[in-house]
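Subject: Structure handover

Hello,

Here is the structure I said I would pass on. Please look it over before reading my notes.

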Amino acid sequence: NNSNCQQDATTLMSFTPATATVDISFDYRFNHRNGGSNYDSFRAYIHDGTSQVGADLVFDEDVNTNTSYSGSITVAPGVVHTLRFEYINVNNGNWATVDNVVVSELSGPPSPPSITGRGYVGNEVDCQIEFTYIGE
């Protein structure tokens, strides 16, 4: 919350899915600064190293938000993907935060002796996080 600071930031969280669908959930909070027709924005999306996969998971502009996201997305198994959180600060804006990020996928049929259901197992890959700040 610094009115003299103009920074954009993107956080990348890498994962490599073993299946074609992953479940993603996270809590987030976004606080923008009013400023005419130019708005700060926050978005979350999946990238496969070449292009964005599907639509934005979250896109907030010109709103104050304190909520969560939970959904499933189709991905290419065995391909490194990144879950990206992007904050664009055009009005010397306030902030965005993300917490409790979970990327999980179906683990497949359970092993004997259980023969019912399918379990969810968190994708416990080494999650690499990069922060990129552009500006002052």
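The notes below cover the nonpolar core and then the aromatic rings.

This is a predicted model, in which local features need pLDDT of at least 70, side-chain atom pairs count only at pLDDT 80 or more, and totals for chains, interfaces and linings use all residues. Residues are numbered from 1 along each chain as its sequence is written, and side-chain values use heavy atoms, with hydrogens and water left out.

The largest nonpolar core has 20 residues. Such a core is a set of buried Ala, Val, Leu, Ile, Met, Phe, Trp, Tyr and Cys residues joined through side-chain atoms within 4.5 Å; buried means under 20% relative accessible area (1.4 Å probe, protein chains only). Ile24, Phe26, Ile46, Leu57, Ile73 and Leu83 touch the most other members. At least two core residues come from each of β1 (7–15), β2 (21–31), β3 (41–47), β4 (52–61), β5 (65–74) and β6 (81–88), strands being DSSP runs of E, at least two residues long, numbered from the N terminus. The most, 5 residues, come from β2.

Rings of Phe, Tyr and Trp (its six-membered ring) pair if their centres lie within 6.5 Å; planes under 30 degrees apart count as stacked, over 60 as edge-to-face and the rest as tilted. There are 7 aromatic pairs by this rule. Phe26 and Tyr28 are tilted, because their ring centres are 5.9 Å apart and their planes at 55 degrees. Phe26 and Tyr69 have centres 5.3 Å apart and planes at 25 degrees, so this pair is stacked. Since Phe26 lies in strand β2 and Tyr69 in strand β5, the pair ties together parts 43 residues apart in sequence.

Regards

Technical notes
Buried < 20%, exposed > 50% of the residue type's maximum accessible area, 1.4 Å probe, protein only. Helix = DSSP H or I, 4+ residues; strand = E, 2+ residues; numbered from the N terminus.
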